[in-house]
Amino acid sequence: MKVGFLLGSFDPIHMGHLYMASSTLNAGLVDEVVFVPSVQNPWKENSTDFRNRCFMIQLAIDDMEHCSLSSIDYRNTEPYYSVNTLKMLKEEYPEDDLYVIVGVDIVNDIKNWHEGQWILDNFKLITISREGYLDAGIPDIRKTLNVSSTEIRELAREKKQIYPLVPKVISQYIKRFNLYK
C-alpha cells in the first residue's frame with residue numbers, strides 16, 4: 001500500500017491541508033493519507049496544546065475516506081525533529097511504500113533538515129504547488145488553496161470570520177474553547 005504522511009503543526013488544520021490530502025488521494029499518488037501533527041515544531045514558539053490539535057484534525061477528517069490521524073509524535077523527544085517522527089512511522093509501516101506530502105515551498109529545504117538526507121533516502125516526496133513557487137521536479141499537484149494557519153490564528157485573535165478557511169466544525173471548536181485569543 002502507498003501511504004502518504006502529511007506532517008505539520010496543524011495549528012489549526014485548515015482547508016489547504018484537507019485539499020492537499022484529497023488531491024493526493026484523487027490523483028492516485030497514495031492509497032491513504034495520515035495526518036501527523038508535531039508535538040512542538042523546533043522552529044516555532046509555543047503551539048496550541050497537542051491534544052486540542054489532534055482533536056481538531058480528527059473532527060476535520062471524520063468524513064474523509066482513506067485519511068487517518070497518527071499521534072505518534074507524542075513519543076518523540078526534544079528536539080522534535082521530523083526525522084525522529086519519520087523513523088517511528090517507518091517502523092510502524094514496514095511493508096508499505098512511504099511518501100511525505102509537502103508544499104513545494106519547503107521541498108528544497110528538506111536536505112538541510114536534521115538528517116534530511118535520511119528522509120530523502122527513505123521516503124518519496126509528493127509536492128503540493130503553492131502560488132509563487134517553481135516546480136521542484138517531483139510528482140506534484142498543481143492547484144492549491146493559499147491558506148495559512150498563521151493567518152487563521154490572527155483572524156481568530158481579532159474575532160474575525162475563519163470559516164470557510166477551516167471546516168465549520170473547526171471554527172466552532174476554536175470559538176467554543178477560546179483558542180488563539
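What do the buried residues of helix 2 pack against?

1. **Ground rules.** This is a predicted model, in which local features need pLDDT of at least 70 and side-chain atom pairs count only at pLDDT 80 or more, while totals for chains, interfaces and linings use all residues. Residues are numbered from 1 along each chain as its sequence is written, and side-chain values use heavy atoms, with hydrogens and water left out.

2. **Helix 2.** The buried residues of helix 2 pack against helix 1, strand 2, strand 3 and helix 7. (Helices are DSSP runs of H or I with at least four residues, strands are runs of E with at least two, and both are numbered from the N terminus; contact means heavy atoms within 4.5 Å.) The buried set consists of F50, N52, R53, C54, M56, I57, A60 and I61, where buried means under 20% relative accessible area, exposed over 50% and partly exposed in between, with a 1.4 Å probe and protein chains only. Helix 2 has 12 residues and spans 17 Å from first to last C-alpha, close to the 16 Å expected; the expected span is 1.5 Å times one less than the number of residues.

3. **Two nonpolar cores.** A nonpolar core here is a set of buried Ala, Val, Leu, Ile, Met, Phe, Trp, Tyr and Cys residues joined through side-chain atoms within 4.5 Å. The largest one has 31 residues, and I13, V33, F35, M56, C67 and I174 have the most contacts inside it. At least two residues of this core come from each of helix 1, strand 2, helix 2, strand 4, strand 5, helix 6 and helix 7. Leaving out residues up to four places away in sequence, V33 touches G4, L6, A21, L25, H66, C67, S68 and I101. Another core lies apart from the largest one and has 19 residues, including F5, L86, V102 and F123.

4. **Helix 3 and L86.** V83, T85, L86, M88 and L89 are buried in helix 3, and what covers the buried residues of this helix includes strand 1, strand 2, strand 4 and helix 5. L86 counts as buried, because its relative accessibility is 1%. Beyond its neighbours within four places in sequence, L86 is in contact with L7, V100, W118, I119 and F123.

5. **Aromatic pairs.** The whole structure holds 6 aromatic pairs; Phe, Tyr and Trp rings (the six-membered ring for Trp) pair if their centres lie within 6.5 Å, with planes under 30 degrees apart called stacked, over 60 edge-to-face and the rest tilted. F5 and F123 have ring centres 6.3 Å apart and planes at 75°, so this pair is edge-to-face. F5 sits in strand 1 and F123 in the loop between helix 5 and strand 5, 118 residues apart, so the pair links distant parts of the chain. Y173 and F177 make a tilted pair, at 4.7 Å between centres and 45° between planes. Y173 is buried at 9% relative accessibility, whereas F177 is partly exposed at 41%.

6. F5, Y93, W118 and F123 form one aromatic cluster. K87 lies over the face of W118, 5.4 Å from the ring centre; a charge sits over a ring if NZ of Lys or CZ of Arg is within 6 Å of the centre and within 35 degrees of the ring normal.

7. **N76.** Take a look at N76, in the loop between strand 3 and helix 3. N76 is buried, with a relative accessible area of 8%. Its side chain makes a polar contact of 2.9 Å with the side chain of T85 and reaches the backbone oxygen of Y81 at 3.5 Å. (A polar contact is a pair of N or O atoms within 3.5 Å; within protein, one must be able to donate a hydrogen and the other to accept it, and residues adjacent in sequence count only if both atoms are side-chain atoms.)

8. **Backbone points to check by eye.** Most residues other than glycine have a negative phi, and most peptide bonds are trans. The D11 to P12 bond is cis, with omega near 5°, and so is the Y163 to P164 bond, with omega near 15°. E115 has a positive phi near 55°, and Y180 has one of about 70°.
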